[in-house]
Amino acid sequence: MRDPTLSSLLLGFVLASATAASASGVVPDPPAPPPEPIAAPDASLQLVSLTLVVRHGDRSPLTPTLSREYWWRKLPPRVELYRVATGTRTRRTDRGIKEKPHSATGDGTFGTLTQMGVSQMEALGAQLREELVSAEGVRPEAADAKLLTAQFAPPQLKLHSTDFPRTIQSMQALLAGLYLPEERPASREGFVHIDVSDGARMLPDPEPESPGASLLRQRELESAVRQSEAFRLKEQAMAPLAKKLVEALVLSGAVGSKSSLFAPDHASAPAVASPVPESLLDSHGGHEAGEWVPKGQRVHWGRLIEVLGCIRAHGLLPLLSDAAETQQKQLALAQKAGLEKAAKVQIGWELRGSVGQGAEADTGAADTGAAD
């Protein structure tokens with residue numbers, strides 16, 4: 001029987017919460033009540049302000065996946081970043097300047113906005129233009145006026161972002177869809193500032209952490225959840241799925257080592273992996289997920305979801321699934337023949353190039369794009 005592919009495993013991950021919980025005796029959460037109907041707006045009311053919160057566009061994974069060259073090909077050209085950055089300036093204060101960048105900042109290839117991400121944010125901006133920007137010639141006091149004037153006016157907008165290149169560039173691309181760069185005034189009056197001074201306040205895991213009552217309380221709650229019986233049963237039930245996913249990703253060559261998908265077994269594990277010594281990977285015991293997870297480590301579901309999401313977004317699940325299945329067959333043949341190692345099978349690895357594989361390619365200088 002054919003082993004489940006990465007595609008079906010990804011679907012299985014989505015469904016696993018309900019099925020695994022039932023099998024483990026964990027009572028699933030009750031369904032959310034239906035939303036209350038929204039009353040028709042009062043015709044006498046007028047929209048005067050709108051707060052819009054969005055995530056960044058598509059990005060390459062923070063966890064080194066495939067090769068650096070593959071993701072480099074997916075990044076927008078420099079001229080495209082300068083185009084969307086037209087008329088924008090990044091505002092920082094002393095409060096927003098850090099000696100060391102956040103570990104999830106990205107390095108110019110991994111954790112970086114892709115061309116797909118730029119296009120997504122521009123499309124969102126264009127949709128907002130249809131909904132929020134008045135037609136040409138409509139005066140602000142007119143009955144058919146919308147929230148924003150047809151002519152670009154920076155005082156109408158207050159833009160805030162975390163201090164990551166991918167989020168700043170996403171804001172710039174959204175603005176490029178809202179007001180076309182070539183239609184904005186070229187003078188200094190046409191500049192709009194993106195304020196990143198308080199970006200750390202938008203993060204659930206700021207670095208460095210500021211010791212205080214709120215952080216201590218957060219850590220207490222996280223620890224209480226991780227030590228609960230419900231959490232233990234859920235993680236135990238999800239362990240077989242995690243094992244299949246991690247092994248498939250390693251077999252396919254999507255990641256260089258399973259260590260990049262492990263993290264220290266505590267609540268505040270970092271978003272970006274620190275290498276786990278190979279000697280530790282061979283140790284056993286001490287973890288509910290089973291002996292395949294090193295002692296003191298756990299599967300980092302955030303990284304696993306990130307890697308699979310990026311692979312899926314770029315249409316690579318079938319290719320990597322076939323590679324994993326083929327390599328599994330090679331391993332079985334090698335074992336049957338009494339060989340210690342199987343030949344490494346590469347199928348369609350034009351995405352490898354000469355840069356190296358997976359985590360081995362995780363080198364290079366940081367690139368902050370056209371943010372400043």
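I looked up E80 and found it in contact (heavy atoms within 4.5 Å) with Q115, V118 and E122, leaving aside neighbours within four places in sequence. I note that this is a predicted model, where local features need pLDDT of at least 70, side-chain atom pairs count only at pLDDT 80 or more, and totals for chains, interfaces and linings use all residues. Residues are numbered from 1 along each chain as its sequence is written, and side-chain values use heavy atoms, with hydrogens and water left out.

I placed E80 in helix α3 (residues 78-84). Helices (H or I, at least four residues) and strands (E, at least two) are DSSP runs, numbered from the N terminus. E80 counts as buried because its relative accessibility is 16%; buried means under 20% relative accessible area, exposed over 50%, partly exposed in between (1.4 Å probe, protein chains only).

Next I turned to helix α7. I found a bend of about 40° at A239, with a proline, P240, following within four residues. The bend is the angle between axes fitted to the seven residues ending at a residue and the seven starting there. Among the buried residues of α7 I listed L233, M238, A239, L245 and L249. Just after α7, I saw that G253 takes a positive phi of about 85°.

How do α7 and α10 pack? I noted an angle of about 85° between α7 and helix α10 (residues 317-336), with their axes 8 Å apart. Axes are lines fitted to C-alpha atoms, for helices over the stretch in contact, and angles run from 0 to 180 degrees between N-to-C directions. α7 is therefore roughly perpendicular to α10, a term for angles of 65 to 115 degrees. The contact is made by A248, L251 and S252 of α7 and by L320, A323, A324, Q327, Q328 and L331 of α10.

I then checked H102, which is found in the loop between β1 (88-91) and α4 (115-132). H102 counts as buried, at 6% relative accessibility. H102 touches F164, L203, D205, P206 and E207, not counting residues up to four places away in sequence. I found H102 and F164 to be 62 residues apart in sequence and 8.5 Å apart in space, C-alpha to C-alpha.

Last, I looked at L66, in the loop between α1 (6-24) and α2 (68-74). L66 has a positive phi of about 55° although it is not a glycine. I recorded L66 as buried, with a relative accessible area of 0%.

Notes. Parallel < 35°, antiparallel > 145°, perpendicular 65-115°, else oblique.
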